[in-house]
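Subject: Handover of a structure for your study

Dear colleague,

Please find below the sequence and structure that I am handing over to you. A description of what was found follows the display.

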Amino acid sequence: MKRQIPVVLVGLFGLFMIFQYFVPHESSEWIYEFLLDWTIIIGIFAMALGLWSLYRVSVEKIRTRKPAWGYNYLTLVGLFTMMLFGFTSQNGEAWGWFFPFMVAANLTLVMIIQASVTKGHRGLFLGTAGVCLAVCIVIIIFDDTWGFHFETAEGLQSTMFRAFFDNILIPIFATMFSLLAFFIASAAYRAFRARNVMATLLLLAALIVMLRFNPYFGPLSPYMSKASNWLMNVPNLAAQRAIIIGVGLGIVATALKVILGIERGYMGKG
Amino acid sequence: MDFSTFLWTTFAAFLTLATYSFLYKDNPFYKIAEHIVTGVAAGYFAILLWHNGLVPKLWFQRIDDGDWWWLWLNSSKPWYLIPAILGMLMWTRFSKKYQWVSRWPMALYIGISAGIAVPLEMSNRVNKQLYDTMADLNWANFFGQGTYAMFDTTSGLSQLLIVIGVVAALIYFFFSKAHTGLFGGVAKVGIWTLMIGFGASFGFTVMARISLFINRMQFLGGWGQEAFNASGTTPNPNYSAWYQVFFWLLALLVIGYAAYEIVKHLRSRKT
Amino acid sequence: MDIFEKLMKLDRRWVFLFLIAVCVVTYAADFEIPVLVEPEVEAIFNFVDTLPAGAAVMIPIDYDPGSLAELHPMTYAIVEQCWRKNLKVVFSALSQNAPGMADQAIRDISDSLKVEKEYNGVVYPPREIVNGVDYCFLGYKPYPAIIILSMGQNFRLPFPLDYYGTPLDSLPMMRDIQNYDDLACVIDISGTNATDYWISYGQGRYGFPLAIGVTGVSTAQYYPYYGSGQIFGIMGGMLGAAQYEQLADNPGLAKDGMRVQWSAHMMIIAFIVLGNVGYFVSRIRARRGERR
Amino acid sequence: MKLKLFVVSLVVLLSFSIAFAQEDTLTVPPIPPDSALLPAAVTGLVAKDTDNDHGHAITLKWQPSADDGAGRQSVAMYEVFRWVPDLMTRIPALRDTLEYLKLRTGDGWSPPEPGSRTDSIHNVFASLDDAQLEERKESLEQTISQAIRDLPAAHAAYPEDGDWQQVAVAPAGSATAADVGTKEKDTPDYLPDYSDFYYRVDAVTADPAIRTASEIVGPVQSYGQWFNKGRLAVSVFVLIFGLLTIFFVQHARRGADLYVRPMAGIEAVDDAIGRATEMGRPILYVLGLGTADMIATIASFTILGRVARRVAEYQTKLIVPAYEPVVMAVAQEVVKTAYYDAGRPDDYDEDIVFFVTSLQFAYVAAVNGLMLRELPATNVYMGKFFAESLLLAETGAVAGSIQIAGTDEIAQIPFFIVACDYTLIGEELYAASAYLGREPILLGSLKAQDWAKAGVIALAVAGLALSNLAVAYDWSWASSIVDFFRVVD
């Protein structure tokens, strides 16, 4: 029951999806789209597990006073704030009591965390959380300059949601990405040593391509540029094609093993 | 740029610098940026899933109100009850005792994905690449044209070299045959081809990565100009001294932290 | 630890520091680094440079804001060269967001023509650019293949009015321009598949001289057309734009970017070389040590 | 009752009249009388159901006009026209009205701007109260669904109550075009299957007013197929490969001794776990940025299972930060089972596998921080990686960890090779679980993969030779063999 049913399900649905690929008819297409929606919906429901895991691991770090534990409050407050922004939006131009509400809501969260990590004073923290929650509820009831929207996507357009996206997520993502400029340099310095034939070929190919726009090699420079073009379009293409074919066979073999129940490692059973 | 936008941009500049401080070492500023972004990104993604996934897939347009309602579903697409239940079976993971039930939706998920992959990857990766290899060679221009004929990528020789490279590299990937003798020799040519390709690809990427850093420099430069009202041809009508105050605050933070680290480093050297 | 071992085991933070310093200094400083010019870019420059004053060039602007960083510098360099040399320019846009790009380019370049400037040792006086005399912007229409084909008959068929709503016949420069036969060449600057249509439906059918400027990633796929002579020149990405800016002696955004790129690349190469020198010297020493 | 009937019919009439009012944009421009300029018409027009599809599409083929590329060279394009019954033309306007009624009866409705399209609809319904609006909405819904059901019948009524509409354009020089509709009944592009369509193709000069129509062809019906012949080669490949796998697995089960060549990256995994135990530092296992529907991630699960089992035996600490909730759930199951199988269920902790965040660089920021704080002895990266590959691997090198990577993402392999100690290239990732398990069954499937590779190499060489000979000697049979391997989507 615990082991067999999953294997049977994988086999059944896997085989069906293989056959489906060759049937263009509308009915087969309909089932394909429906089954694809299954995976999407399962993924969405799983998000609750993810958020719970994030919450629990962060609280656990605070409780056990792991290195850098204090910063985990930032994570949880950031998570909670962003989700509240995503579900709320202003009705007009005025902010009303929105920000006091956000402060009270986040205080509630922090107090609940404190209550779950503390050894004593649990009552005190829970009491404060209750008061903050009451403040939140009062504001929700009496302030109509903003409101909650769960069914419609107003939250995605709300000013604060967008501000957080544009000024927190985007700059950090772009900066993390640009760290690659430095890491590519340090990796090249550290690893590009002509230790053996393979390393030398790697190094030479990289050097030629990196020198492709350099005019300081006299009559050799145009050769450099053409050679780098050739390297990109001949050996690189051959390498890519071979890897693509090999990977394709590897993917198909792995997927077939999964469908036929030969490989059950994904269920922890080898 | 009005003042509140400038404040936001200043915060973005702070986060940018905090992220770069990671290049030196793990430090409080990087920890701030890291922990904020983890939480906010998780919240952002959850909200996206809710509004763009859950609501349109399950919560069918309330305006189209069907006859009955259950679990957010209405009668227009009752069969969506199945994935909704499967999704909720995932939640059995919250319980230690019934955790094993969550294997069913996971098995479905993996079964469907594996089934889709088999013919699709066979077609896209194997069949199409194989067919591309079967092209007729450019015999009319076999040894290349022009001054740089040896590097002519459209010549028949280059096309032939691609095929040879593909075959050799595929031979390198054989698992059940020892790389010895002639077979080993061909496999060696294969791994050389792979290494040349990887080197070229590495060298080619450097430029794109440097561009990313240039973009960030431009962002910081633009923010600095904004602080001194020096950007663009039209001066900012909302400009006030507060812009500069925030610029200097951030600058002070950077200089202060740098000085602190240098002093710490020098002291640790002495002892 | 001697110097060579140090060279091998330098803390990566020195690499980071050097890279930041090099990038910031070269970004802020104002100097020029020559770029290697490839014949396929030089061909375009020479073609435009040798045209007699009064000749007309068509420059289709077929890119979106997404590929602006790579392609805008090309447009700026070529159009400025054309106008300085008193050539007439016909702009068109076959990509949905391209008219905005073209409009911005026209305004910016018109502004920069208002001052006296020296290119390759020749001084050009300031000049006022007039719509209908120096350029004509046809605007955007969907279905690129069909538009390119009908422009081969007459520009007035797909575009009876220009982008600003003026009939083509009332524009002085368009009086002598009926179709591609009246143009010196077409230089398509494109981040979309409009390039394919220009090659197969435009050049393939009407046989006018065609050159293209494309994004870095799609350069390779158009090289075969250069080999077969269907296009007489090709500029690829930032690198191609920088080469053109250098030829035109008109450094702009691409050369600014290339300055930082060049310094950063050279720095990385220098570090690789240093690392290898350290590696070989210490290996030779280790061998000698063994012998003793 | 009578009043109700009257009101309903009035509404239907009104909506129809709106529909008619909008029709003027759809008519064909009149053909001018100056026949001397007219291009020659296309000939041999054939309309057929598009093959290998789900229906809802018709393919047209013709001989180009004599004035296309030859003769007067005046043809600039071809316009394809389909005869469309009035009923079909009316549906979009009915839908607009329904949309208006839905908004009007819903929350937060505000009157449209004067002079807009919605405003013209609004004027008709302005004075009605909510109950009447509701009633009209329902009747209109029924009218629309009835109209969609009546479409095949309306098409059969050709040439009564309908007109020609342009459905596709093709540039000069082309001899084929497709009229592709959708299967979605509630979109304007809906094309009903099993309905009689009639087509004609106009040769159009650069002046759209000067054109010549072809003969009308029809009736032709669209319908879906049950097998995609364009994918025949794929089905053969999948079948042969599946049989090969089953054969070699059975072969291995019967106890054949199968050789596999050594692979450095795999052997390093065992040493790395031992090293971590000696140093008393954890092992970091990164499943990559793939979701659980990518096979690279599934392969990574099986490797994780083997690593976790050994880790449990050595009683070392394992850290698995997950990028996606489903990946997290599956990985938890894998690790838990591994600990049970190793006989150490008490050492299992639910937080070995934990969720970080689902956005690329936020995930990298968190994992990088984790590396510098936990200082793992070994980092294992297996699965799908994108730009973050080098960010992770370089930070891992700073932390002094031994690093083993494996990915099938071609663009990232160079960075792993440069920054990691061992790298599994492409296909090796998929072989790794078989290597680690050393079970004959799994090694059998490696043998199948090798045979398939040999087959691909043989086919590539033979195909290359055939296609070149086909060109050189004009052998049509050779090119048809090569064409068999083409996949048409």
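Let us begin with the domains of chain A. The domain assignment gives domain 1 (1-66), domain 2 (68-191) and domain 3 (195-267); such bounds come from an automatic or database domain assignment. Taken over C-alpha atoms, the centres of domain 1 and domain 3 of chain A are 33 Å apart. Six residues from domain 1 of chain A and six residues from domain 3 of chain A form the contact between them, where two residues are in contact if their C-beta atoms, placed from the backbone, lie within 7 Å. On the side of domain 1 of chain A that touches domain 3 of chain A, four residues are nonpolar, two are polar and none is charged. In this classification Ala, Val, Leu, Ile, Met, Phe, Trp, Tyr, Cys and Pro count as nonpolar, Asp, Glu, Lys and Arg as charged, and the others, Gly among them, as polar.

Two remarks on the source are needed at this point. This is a predicted model, in which local features need pLDDT of at least 70 and side-chain atom pairs count only at pLDDT 80 or more, while totals for chains, interfaces and linings use all residues. Residues are numbered from 1 along each chain as its sequence is written, and chains are lettered from A and ligands numbered from 1 in the order in which they are written.

R264(A) lies in the segment after α10 of chain A; helices (H or I, at least four residues) and strands (E, at least two) are DSSP runs, numbered from the N terminus.

The contact between chain B and chain A takes 97 residues from chain B and 104 residues from chain A. The side of chain B that touches chain A has 64 nonpolar, 24 polar and nine charged residues.

Chain C has 10 helices and eight strands. Its radius of gyration, taken over C-alpha atoms, is 24 Å, whereas a compact globule of 292 residues would have one near 19 Å; the globule rule is 2.2 Å times the number of residues to the power 0.38. Along its principal axes, the C-alpha trace of chain C spans about 90 × 40 × 30 Å. Of the 292 residues in chain C, 47% are buried.

Finally, chain D contains an open sheet of six strands in the order β11-β10-β9-β12-β13-β14, with parallel pairing; two strands pair if DSSP finds at least two bridges between them. The edge strands are β11 (353-355) and β14 (422-425) of chain D, each pairing on one side only. Strand β13 (residues 402-407) of chain D pairs with β14(D) in the parallel sense over four bridges. The bridge partner of I404(D) in β14(D) is Y422(D).

Yours sincerely

Key:
Buried ≥ 20, exposed ≤ 12 C-beta atoms within 10 Å, placed from the backbone.
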